[in-house]
Amino acid sequence: MQTRFLSFLASTILLATPVLTQDIPVYEETGVIEITLGGERMIHYTTWNTVPDDPARKVHTASWLILEPRLLGGVNISPDDVFVVITSRDSIEPNPGQASMRVEISLDPETLDLKTRPAPSVRFYPEDDDRFYAMTDGTFTVESVTRIDSDSFTIIASASGVMTGQTSETIAHNPDDALEFSAKFDLQRVVNRAGENGKPSSQ
């Protein structure tokens, strides 16, 4: 009787395991960023993760998208740039209250060279809240972009300068709260957000 019960219990656990795992996202590293901020060195990661109950979908924290045209008086005010968004954190899996960094850059759709307008945006959030530092003086350099396929590429880049504390979305240099900043980006997969549902995009 006890043997039958144990066999039944083991079978029940095995059958339930796939259901349980579907509710837990799986995270994988897609890039590494070496950061020095105010003399403190840290390692950040970009990742992809699965979505519970949608096994074909992967969400990437390093992604790109060609923006939809926006017409004003018949003039396109939203150029067809490759708009890249990079969000990183200091662990593969997210943790409450952890620091993060967000970078936004625009690449030329033909050459994938970095465009200076709009200027690169680099923000560092010390905690999981609205307070952040922004690079208000410095340079962002894309050393190489290598296509993997029609929907993804690698980016090797670097940034250096000064980050200053911000109190609103209107970015301004704040010399009273300034930190030296540098970063090296080794992003091995930057993916088209239009293809995150598991199907290739048409781009």
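**Entry 1: salt bridges**

I started with D81, which forms a salt bridge with K115; their closest N and O atoms are 2.9 Å apart. The model I am reading is a predicted one. I then looked up where the two partners sit. D81 is in the loop between β6 (75-76) and β7 (82-89), and K115 is in the loop between β8 (100-107) and β9 (121-125). The pair thus links distant parts of the chain, 34 residues apart. I checked burial next. D81 has a relative accessible area of 4% and is buried, whereas K115, at 25%, is partly exposed.

I moved on to R123, which forms a salt bridge with E169, with 3.0 Å between the closest N and O atoms. R123 lies in strand β9 and E169 in the loop between β11 and β12 (178-192), so this pair ties together parts that are 46 residues apart in sequence. R123 counts as buried at 14% relative accessibility. E169 counts as exposed at 57%.

I also noted E127 with R131, a salt bridge whose closest N and O atoms are 3.6 Å apart. E127 is partly exposed, at 41% relative accessibility. R131 is partly exposed as well, with a relative accessible area of 46%. The count for the structure comes to four salt bridges, and I have written up the ones above, including D81 with K115.

**Entry 2: aromatic pairs**

I turned to the rings. How many aromatic pairs does a search of the whole structure find? It finds three. One of them is W64 with F153, a stacked pair at 5.8 Å centre to centre, with 25° between the planes. I located W64 in strand β4 (residues 62-66) and F153 in strand β11 (residues 152-166). The two residues are 89 apart, and the pair links distant parts of the chain. Are W64 and F153 buried or exposed? Both are buried.

I looked at Y125 and F132 next. Their ring centres are 5.3 Å apart and their planes stand at 40°, so I list the pair as tilted. Y125 is buried, with a relative accessible area of 16%. F132 is buried too, at 3%.

**Entry 3: a charge over a ring**

Last, I checked K58 against W48. The charged end of K58 sits over the ring of W48, and I note a distance of 4.2 Å from the ring centre.

Methods. Residues are numbered from 1 along each chain as its sequence is written. This is a predicted model: local features need pLDDT of at least 70, side-chain atom pairs count only at pLDDT 80 or more; totals for chains, interfaces and linings use all residues. Side-chain values use heavy atoms; hydrogens and water are left out. Rings of Phe, Tyr and Trp (its six-membered ring) pair if their centres lie within 6.5 Å; planes under 30 degrees apart count as stacked, over 60 as edge-to-face and the rest as tilted. Helices (H or I, at least four residues) and strands (E, at least two) are DSSP runs, numbered from the N terminus. Buried means under 20% relative accessible area, exposed over 50%, partly exposed in between (1.4 Å probe, protein chains only). A charge sits over a ring if NZ of Lys or CZ of Arg is within 6 Å of the ring centre and within 35 degrees of the ring normal. A salt bridge is a side-chain nitrogen of Lys or Arg within 4 Å of a carboxyl oxygen of Asp or Glu.
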